[in-house]
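The sequence and structure come first.

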Amino acid sequence: MVSVLCRASVRRIFPAFLLLALPSLAAAQGGAALVGRIVDTAGAPIIGASLRVPQLERSVAVDSTGRFHLEGLSTGRLTVVGEAPGFAGKRAEVTIPASGSVEQNFSLVPNAHVLANVEVRARARQQLPLKLHEFEQRRNRGTAGRFLGPDDVAKYNGRPLVDALKSIMVGVRFQRTPQGEMNIISQRSLNPASIRQSANIKPCGIQIWEDGSLLSDPNQSLEMMLAPSGNGGRSISTQRIGADHDYDVSNLIANNYMAVEYYPDLASTPPGFRTGTPSCGVLVLWTRVPMTNGQPQVGQQSTSQPTPQ
């Protein structure tokens with residue numbers, strides 16, 4: 001009789017215990033959520049779209065109505081990316097509250113490289129834009145660089161550009177910082193003989209160019225050994241000289257690019273991409289250009305000013 005009464009008491013008490021415990025468990029996992037929709041320019045949901053948070057390395061797919069729901073987020077500011085195969089991705093900055101939810105919607109534009117007129121694509125071989133003329137020449141010469149053309153980059157549509165870069169960039173590591181950024185660092189050290197005794201030598205970064213403009217030259221920053229202070233001590237002091245800027249590649253989306261070049265050292269780097277600073281590798285990115293019937297192509301005359309090479 002006693003055991004029957006005990007079991008009955010447990011049945012009444014246990015559900016009440018769960019009701020008290022569940023809110024605490026939810027708060028421990030993060031009490032805020034990010035919600036919204038990813039649609040095309042007509043407002044229709046995009047099948048296969050997803051939301052990505054680069055800093056947290058998390059992503060979530062949309063449902064059949066284009067809606068996403070990402071839970072367990074801590075309060076603070078985040079960069080989020082709405083993306084889908086065949087569409088140009090978009091980034092947004094959102095502030096996550098301590099609890100509740102915040103809404104962020106995305107309207108994505110179809111990729112310009114997708115040609116609506118299939119007949120035109122079948123009749124003529126697709127030609128590269130003017131700004132990729134020299135890229136094609138360097139690739140055809142069989143230089144020491146490594147290349148991804150438009151067809152190669154298109155295989156990574158809807159994915160981070162880092163996935164494509166990892167396929168050609170050897171001798172480097174993709175390093176995640178505490179702030180959530182991703183930098184490309186050579187496995188070699190920027191360690192001139194004159195400062196080999198320094199204990200704080202900067203890693204050798206990769207120079208990054210985009211459409212003929214230098215985005216990042218992290219090796220302008222050097223650790224230089226200072227002259228002894230004269231106090232008779234054996235310690236060595238260093239001072240960082242020059243700019244210090246490693247480019248964050250975590251938010252780059254493959255849909256926005258059409259060609260990539262990589263040169264692992266100074267000897268293989270074309271003269272136009274040499275800056276005079278120490279080089280442990282040069283990465284050259286070419287952004288996507290709409291390929292329409294009115295687009296000037298390689299070998300055709302154009303009245304517009306071409307992109308500087």
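D211 has a relative accessibility of 19% and therefore counts as buried, where buried means under 20% relative accessible area, exposed over 50%, and partly exposed in between (1.4 Å probe, protein chains only). This residue sits in the loop between β14 (207-210) and β15 (213-216). E57 counts as exposed because its relative accessibility is 59%. Helices (H or I, at least four residues) and strands (E, at least two) are DSSP runs, numbered from the N terminus.

This is a predicted model: local features need pLDDT of at least 70, and side-chain atom pairs count only at pLDDT 80 or more, while totals for chains, interfaces and linings use all residues. Residues are numbered from 1 along each chain as its sequence is written, and side-chain values use heavy atoms, with hydrogens and water left out.

Strands β11 (residues 172-176) and β12 (residues 182-189) pair in the antiparallel sense over five bridges; two strands pair if DSSP finds at least two bridges between them. One of the bridges joins R176 to M182 in β12. Five residues separate the two strands of this hairpin, and G180 in the turn has a positive phi of about 95°.

N183 is part of β12. With 7% relative accessibility, N183 counts as buried. Its side chain reaches the backbone oxygen of Y247 at 3.2 Å, a polar contact (a pair of N or O atoms within 3.5 Å; within protein, one must be able to donate a hydrogen and the other to accept it, and residues adjacent in sequence count only if both atoms are side-chain atoms). Neighbours within four places in sequence aside, N183 is in contact (heavy atoms within 4.5 Å) with R173, F174, Q175, T177, D246, Y247 and D248.

**Nonpolar cores**

A nonpolar core is a set of buried Ala, Val, Leu, Ile, Met, Phe, Trp, Tyr and Cys residues joined through side-chain atoms within 4.5 Å. The largest has 23 residues, of which L165, M169, I184, L283 and L285 touch the most other members. At least two residues of this core come from each of α5 (161-165), β11, β12, β18 (257-263) and β19 (282-287). The largest share, four residues, comes from α5. M169 touches F174, I184, I206, Y262 and L283, not counting residues up to four places away in sequence. A second, separate core has 22 residues, including L51, V53, V80 and F87.

**Aromatic rings**

Rings of Phe, Tyr and Trp (its six-membered ring) pair if their centres lie within 6.5 Å; planes under 30 degrees apart count as stacked, over 60 as edge-to-face and the rest as tilted. By this rule there are three aromatic pairs.

F135, F147 and Y263 form one aromatic cluster.
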